[in-house]
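Please look at the sequence and the model below before reading on. The report then goes through a few parts of the chain in turn.

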Amino acid sequence: MSIFEVGVIGTGRLGGALALALSRKGYRIKQLIGRDREKARQLADSIFPHPEVLSANSFEEISVDLLFIATQDSEIQPVAEKLASELEQMPFVYHTSGSRSADSLNALREGGYDVASFHPLVSVSDAKTGADAFDGAYFCLDGDPEALKIARIIVGDLGGKAFSIDSKQKALYHASAVLA
């Protein structure tokens, strides 16, 4: 059973699947943060103990050990910049994009946070079935050494297999994944 408390920003398909899968593996999903609070509340109702649902304007209230940014790619950097100015605690921060490197989180990195990208190489059509897809899946990781160490533990707990690539190859990796 995990000792990590987790927050997820973005409660859509991938963020929801990750929250559900991690909760099933003993991680405490403590906070869900999203623009659509009703969708986040529905997801929270599927997780026990029920996580707190925060609005996208409540970053200063985030208090977790691990924070996943599962937003659209175009929102990752703005979210990281907002987090860098508002977070009061220093969790490990991950984004779930396949096409962006951990450098998208540089605003946090410059503030002393350990950051990484954490991309499951699976298709997720909805949160509930997506949560089952991580077992046996490959996860592409890149980022800071301490964040990668924790990410590899998470991947193992999910039943996945971790691999890393040069961050300069993320766009090519993502294009290959889409074609596959």
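This is a predicted model: local features need pLDDT of at least 70, side-chain atom pairs count only at pLDDT 80 or more; totals for chains, interfaces and linings use all residues.

Residues are numbered from 1 along each chain as its sequence is written, and side-chain values use heavy atoms, with hydrogens and water left out.

Helices (H or I, at least four residues) and strands (E, at least two) are DSSP runs, numbered from the N terminus. The expected span of a helix is 1.5 Å times one less than its number of residues. The table gives the spans from first C-alpha to last.

| Helix | Residues | Span | Expected span |
|---|---|---|---|
| α1 | 13-24 (twelve residues) | 17 Å | 16 Å |
| α3 | 73-86 (14 residues) | 21 Å | 20 Å |

Buried means under 20% relative accessible area, exposed over 50%, and partly exposed in between (1.4 Å probe, protein chains only). Helix α1 is mostly covered, with nine of its twelve residues buried. Among them are Gly 15, Gly 16 and Ala 17. After α1 comes Gly 26, which has a positive phi near 95 degrees.

In α3, the buried residues are Glu 75, Ile 76, Val 79, Ala 80 and Leu 83. Their cover includes strands β1 (5-9), β4 (66-69) and β5 (92-95), as well as helix α4 (106-110).

His 119 lies in strand β6 (residues 115-120). His 119 counts as buried because its relative accessibility is 11%. Leaving aside neighbours within four places in sequence, His 119 has contacts (heavy atoms within 4.5 Å) that include Thr 96, Tyr 138 and Tyr 173.
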